[in-house]
Amino acid sequence: MGRAQQMMMEHGMGTATPATADAAPWPVVPGFNDPDTIRRATDFWTDSLTLWQRFLDPGAAPPAADEPPERARDKRFKAAAWRDQPYFDWVRRSYHLIADQMLSQVDALDGVAPKQKEQIRFAARGFVDAMSPSNFAVTNPEVIAKTIETKGQNLLDGLQHMLADIDKGQLTHVDPDAFEVGRNLAMTPGKVVHRTPMYELIQYTPTTPNVLATPLVIFPPWINRFYILDLTPEKSFIAWCVDQGITVFMVSWKSADASMKDVIWDDYIAAQVDAIDTIRSALDVPAVHTIGYCVAGTTLAATLALLTARDEADKVASATFFTAQVDFAQAGELQHFVDDEQLKLVASLSPDGFLDGRYMAMTFNLLRGRDLIWNYVTNNYLLGADYAPFDLLHWNGDTTNLPAKWHLGYLTDLYRDNRLATPGGMVVDGVPIDLTTVATPSYIQAGREDHIAPADSVWAMTRIFRGPMKFVLAGSGHIAGVVNPPAQQKYQYWTNAEAVDTLDDFVAGATETKGSWWPDWLDWLRARDGGDQVPAKRARVPGTGALPSLGDAPGEYVRAR
């Protein structure tokens with residue numbers, strides 16, 4: 001078989017170049033018989049032949065080259081059989097060889113626009129991940145051993161898992177009975193004190209005798225439930241803030257239904273302004289601190305620009321941005337989903353005026369298909385393993401629906417056309433907004449390994465706002481980089497007091513601090529207040545002031561399907 005491959009290679013090379021001086025030369029076709037392609041093809045066939053020799057006659061084969069470190073860390077092939085058994089070692093190495101060849105062919109494409117090449121690379125990587133031999137029962141030694149050991153019960157259990165997922169139209173990542181909102185998630189005590197057709201406003205019960213004079217309102221992304229910031233008590237950002245002496249309000253967005261078919265981005269900005277004004281009036285304070293997470297951070301930036309245009313910027317004492325983007329020129333792999341065909345598909349999936357949240361969940365899963373799709377296909381469908389209890393993944397699967405008109409506008413205006421980054425490029429409530437006018441003190445947090453809001457894209461905010469800013473780069477990604485309680489002593493963060501122009505310059509001169517960035521943010525927030533405190537009484541206790549209690553936290557909207 002190895003000799004046959006060699007003959008085919010030799011024949012292929014012979015037809016690419018004329019055998020005699022009289023023969024007409026073949027035209028050089030890029031990607032087919034140009035020198036670089038021939039070199040890659042030769043390397044591929046040579047490596048293939050070496051793999052066959054190692055499999056069929058290990059003693060005569062040259063020693064295996066050391067594999068790159070990332071191969072050794074590849075969790076798909078962690079079982080010893082992938083290396084110790086010649087057949088499976090050959091399967092694994094052949095897969096890597098073909099995968100590398102396919103991705104290198106994409107990188108070598110000429111005459112293709114950079115954006116299109118990125119789309120092709122994304123699709124090729126997704127295909128490569130899907131075709132891994134670890135995803136198939138007959139080429140995965142762990143599955144074969146498990147099937148023999150259990151007499152096939154693992155496959156029956158896995159089939160049951162798969163059929164259940166088909167019924168609910170969503171891939172399961174976690175034991176569905178392990179967590180429940182109000183039982184062991186979103187447990188921070190508080191009251192719903194305000195409700196509109198778009199959101200509920202939750203005020204949390206103070207745990208300290210005195211609190212910061214200026215309250216804090218948090219705007220979470222409406223593409224997920226707010227309790228990402230109120231997971232199990234030991235991970236809750238909200239509970240931690242309350243324990244630090246902050247009066248905390250949380251916006252809980254309503255999952256879209258047919259009644260929200262006409263909701264657009266302006267309505268979410270108006271809702272943020274309404275929440276700010278409601279808190280100011282109820283607590284009789286001139287301003288509030290704000291936090292915007294992900295898309296809600298993008299909206300918070302627009303809210304600040306709108307308030308500035310109305311000469312009302314002093315309603316917001318500070319703005320904190322968790323992994324938020326305002327300039328989408330380098331917005332990462334989500335940009336692969338905003339071409340005309342993709343937008344038409346999104347529109348077709350929203351006949352009732354809202355997009356089923358399961359489609360968004362699938363999109364985010366595709367961004368990390370190896371970890372969030374194929375890992376679970378192998379473990380839960382093929383090996384038949386039970387689902388592990390993991391609060392963050394429970395939240396990840398607790399989807400919300402999106403207003404279709406708003407969602408299409410967001411993808412078009414921001415991700416595709418990047419209009420928010422242009423002064424006057426977008427109009428909100430009849431007012432052209434300009435982010436370069438925003439002078440609100442800002443704390444901007446990015447995740448070093450964020451695949452949804454890349455750190456470079458978040459950094460762009462520092463070149464747009466004109467007010468005092470502090471940029472912090474946190475270890476990990478879009479979720480773990482934010483939800484990192486100090487008690488866990490995980491990851492690290494980087495700060496740099498020097499004025500620099502690029503993220504690379506920031507990192508080059510940054511100081512690394514082990515652990516959570518939350519205490520650094522708290523020091524920054526307290527400095528905005530000058531340390532002023534007030535007793536945690538009357539309106540600071542939810543339900544006892546001007547805003548009566550409408551029910552206990554976490555409210556009704558977070559439970560609505």
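Tutor: First a term: buried means under 20% relative accessible area, exposed over 50%, and partly exposed in between, with a 1.4 Å probe and protein chains only. This is a predicted model, in which local features need pLDDT of at least 70 and side-chain atom pairs count only at pLDDT 80 or more, while totals for chains, interfaces and linings use all residues. Residues are numbered from 1 along each chain as its sequence is written, and side-chain values use heavy atoms, with hydrogens and water left out.

Student: Is Phe506 buried or exposed?

Tutor: Phe506 sits in helix H18 (residues 503–508), where helices (H or I, at least four residues) and strands (E, at least two) are DSSP runs numbered from the N terminus. Its relative accessible area is 2%.

Student: Which residues is Phe506 in contact with, leaving aside its neighbours within four places in sequence?

Tutor: Contact means heavy atoms within 4.5 Å. Thr495, one of the partners, is 11 residues from Phe506 in sequence and 7.9 Å away in space, C-alpha to C-alpha. The list is Trp459, Phe471, Leu473, Trp494, Thr495, Asn496 and Val500.

Student: How many aromatic pairs does the structure hold?

Tutor: Rings of Phe, Tyr and Trp (its six-membered ring) pair if their centres lie within 6.5 Å; planes under 30 degrees apart count as stacked, over 60 as edge-to-face and the rest as tilted. By that rule the number of aromatic pairs is 29.

Student: Why is the pair of Tyr410 and Tyr415 tilted?

Tutor: Tyr410 is buried at 6% relative accessible area, and Tyr415 is buried at 8%. Their ring centres are 6.1 Å apart. The class follows from the angle between the planes, which is 55°.

Student: What kind of aromatic pair do Trp459 and Phe471 form?

Tutor: Trp459, in helix H17 (residues 455–459), and Phe471, in strand E13 (residues 469–474), are 12 residues apart, and the pair links distant parts of the chain. Trp459 is buried at 4% and Phe471 at 6%. With 4.9 Å centre to centre and 85° between the planes, the pair is edge-to-face.

Student: How do the residues lining the largest cavity divide?

Tutor: Ala, Val, Leu, Ile, Met, Phe, Trp, Tyr, Cys and Pro count as nonpolar, Asp, Glu, Lys and Arg as charged, and the others, Gly among them, as polar. The division is seven nonpolar, five polar and two charged.
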